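Student: I have a structure open and would like to learn how to read it. Could we go through it feature by feature?

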Amino acid sequence: MSASASESTSPPGDGDGNLVLCMVCGAPFQSTQDCLAHALLKHGSKLQKQLRKRLNAITTILNSAQSQSERHELREALEKSKPGGHLRTVLNIFAVDLEKMKTCFEHVRNCIEKEMKGKVRVFPFGSLVTGLALKESDLDLFVEPNGNQPPLCHQYLYNRTSYFLRSSKCFADVNTIRHASVPIIRCKHQLTGLNIDFNMSNPNGIFNSRFVGELMLRNERIRELSLFLKIWAKKLKLICNGGMTSYCLISLIIVNLQVNRIVPSVKQLQSLCPPVILSGVNFAYSLDLTPPITERLTTLDLLKNFFIYYSTVNFDKSLLSPFLGGCVDKETTLGIPGGFPEYDEQQKLVHDATGEPPHAFQLDRVMCVQDPFELNRNVAKSVSIANLFYFRQCLVLAAQACSDQELTSQPEKLYDYLLFGLADKLVADKIVADKRWQIQCQIEDRS
């Protein structure tokens with residue numbers, strides 16, 4: 001299992017004696033710029049175009065009036081923050097009012113359940129339940145038949161809910177997405193302006209969200225860590241199409257906490273409680289085994305550990321598993337029979353419960369992050385190689401920033417850099433790397 005991030009004393013690369021690793025081939029370099037230039041030169045024009053497209057998009061966003069206004073608001077608020085209150089200032093600016101989301105949920109639930117004459121129940125999942133909602137977060141809802149009523153098929157529920165939403169004056173922009181792996185209905189709540197996603201066929205998000213939400217409540221520093229990293233990933237467009245999802249990021253956070261012995265593995269959390277089986281998957285857990293976090297460990301320490309740890313993980317060979325509680329070799333764990341007995345057993349249970357052979361874990365993806373409970377689910381399956389490379393560069397620069405004593409002594413500058421200045425640095429590094437790549441190509445053409 002990989003070493004704890006807390007065992008590292010300094011971030012990799014840029015002249016401190018450590019190295020930046022190429023995310024494509026693992027070649028070591030002394031600086032981020034050298035690593036970028038190598039990637040552009042050795043790994044083809046496709047990666048170059050994808051990185052340029054990503055950084056061009058970041059530049060456009062940074063130069064937008066909205067982004068400039070957000071950065072100005074953040075700087076003003078940070079300058080007025082009391083000592084020790086800078087992180088809370090950041091969270092207050094970007095996090096949503098959870099009471100507003102709860103009010104919206106109650107209104108929607110009452111509308112749907114009344115319209116369906118008590119034949120259904122509506123449950124929230126996602127950021128409302130986890131407590132990690134940002135101002136642009138959607139409200140995720142699951143609609144299921146009421147157990148006291150005759151059963152309703154998913155298709156009937158889907159059509160009936162769609163009809164109600166379209167005919168109601170409380171909702172707008174109703175869009176049915178029937179052919180997704182999990183069909184949803186997307187709409188906007190008129191009163192609050194919140195976007196809502198309805199799901200009728202997959203309740204697993206309810207159980208996952210409850211687990212994450214309870215974990216966040218164990219200690220405020222865990223919630224602060226997760227909320228800030230979600231803001232960070234959103235600002236840098238790490239959470240996007242072709243990138244990771246919010247749930248993937250949370251899974252990475254959980255693994256990092258497990259590596260640092262702050263949170264036990266899900267396997268341990270299930271060892272002292274009876275199973276809760278849904279379609280062959282055990283969603284049981286008990287957080288009673290979770291140890292208290294030492295008072296000397298700050299949220300900034302947790303952030304630094306996260307950035308350093310994942311800037312050194314070899315994603316090409318690794319499986320990040322909240323169930324096992326760490327980083328393991330993906331081939332010896334899932335690539336050979338018997339390497340992961342709990343996974344094999346769950347596959348059999350799912351087959352027995354559903355009557356269909358379940359999909360295997362997608363080991364061929366550039367990033368392998370396992371769902372804490374659904375062991376055949378790779379929650380990082382959508383991450384492309386260019387986005388993984390970009391993620392690595394963001395991690396390296398963030399790790400350097402959190403290890404810079406001059407910067408950490410001025411938290412108003414640190415948080416401004418992590419959310420906005422880091423992107424400026426990436427764009428500048430990319431320009432230098434492009435020039436090196438062009439010069440090298442010219443030299444090779446002449447020879």
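Student: Which residues of H12 are buried?

Tutor: Buried means under 20% relative accessible area, exposed over 50%, and partly exposed in between, with a 1.4 Å probe and protein chains only. In H12 the buried residues are Thr 299, Leu 302, Leu 303, Asn 305, Phe 306, Phe 307, Ile 308, Tyr 309, Tyr 310 and Ser 311. The helix is thus mostly covered, with 10 of its 14 residues buried. This is a predicted model, in which local features need pLDDT of at least 70 and side-chain atom pairs count only at pLDDT 80 or more, while totals for chains, interfaces and linings use all residues. Residues are numbered from 1 along each chain as its sequence is written, and side-chain values use heavy atoms, with hydrogens and water left out.

Student: What span does H12 reach from its first C-alpha to its last?

Tutor: Helices (H or I, at least four residues) and strands (E, at least two) are DSSP runs, numbered from the N terminus. The expected span of a helix is 1.5 Å times one less than its number of residues. H12 covers residues 299–312 and reaches 20 Å, close to the 20 Å expected.

Student: How should I read a nonpolar core?

Tutor: In soluble globular proteins, nonpolar side chains tend to be buried together. A nonpolar core is a set of buried Ala, Val, Leu, Ile, Met, Phe, Trp, Tyr and Cys residues joined through side-chain atoms within 4.5 Å. The largest one here has 103 residues, and Trp 232, Phe 307 and Leu 418 have the most contacts inside it. Helix H15 (residues 385–402) gives the most to this core, with 11 residues. Apart from it lies another core, of 27 residues, among them Cys 104 and Met 200.

Student: Which residues does Leu 418 touch?

Tutor: Contact means heavy atoms within 4.5 Å. Not counting residues up to four places away in sequence, Leu 418 touches Phe 228, Trp 232, Leu 236, Phe 307, Ala 398, Ala 401 and Cys 402.

Student: How many salt bridges are there?

Tutor: Side chains of opposite charge can pair when their charged atoms come close. A salt bridge is a side-chain nitrogen of Lys or Arg within 4 Å of a carboxyl oxygen of Asp or Glu. The count comes to 16. One of them joins Arg 71 to Asp 416, with the closest N and O atoms 3.0 Å apart. That pair links distant parts of the chain, 345 residues apart, with Arg 71 in helix H3 (residues 65–80) and Asp 416 in helix H17 (residues 411–446). Both Arg 71 and Asp 416 are buried.

Student: Where do Asp 197 and Arg 186 lie?

Tutor: These two form a salt bridge at 2.7 Å between the closest N and O atoms. Asp 197 is in strand E7 (residues 195–199) and Arg 186 in strand E6 (residues 184–189), so the pair ties together parts 11 residues apart in sequence. Asp 197 is buried at 9% relative accessible area, whereas Arg 186 is partly exposed at 35%.

Student: How many disulfides does the structure hold?

Tutor: A disulfide is a pair of cysteine sulfur atoms within 2.5 Å. The structure holds 0 disulfides. The sulfur of Cys 111 has its closest cysteine sulfur in Cys 170, at 4.9 Å, which is too far for a bond.

Student: Is Thr 333 buried or exposed?

Tutor: Thr 333 counts as buried because its relative accessibility is 9%. Its place is in helix H13 (residues 330–334).
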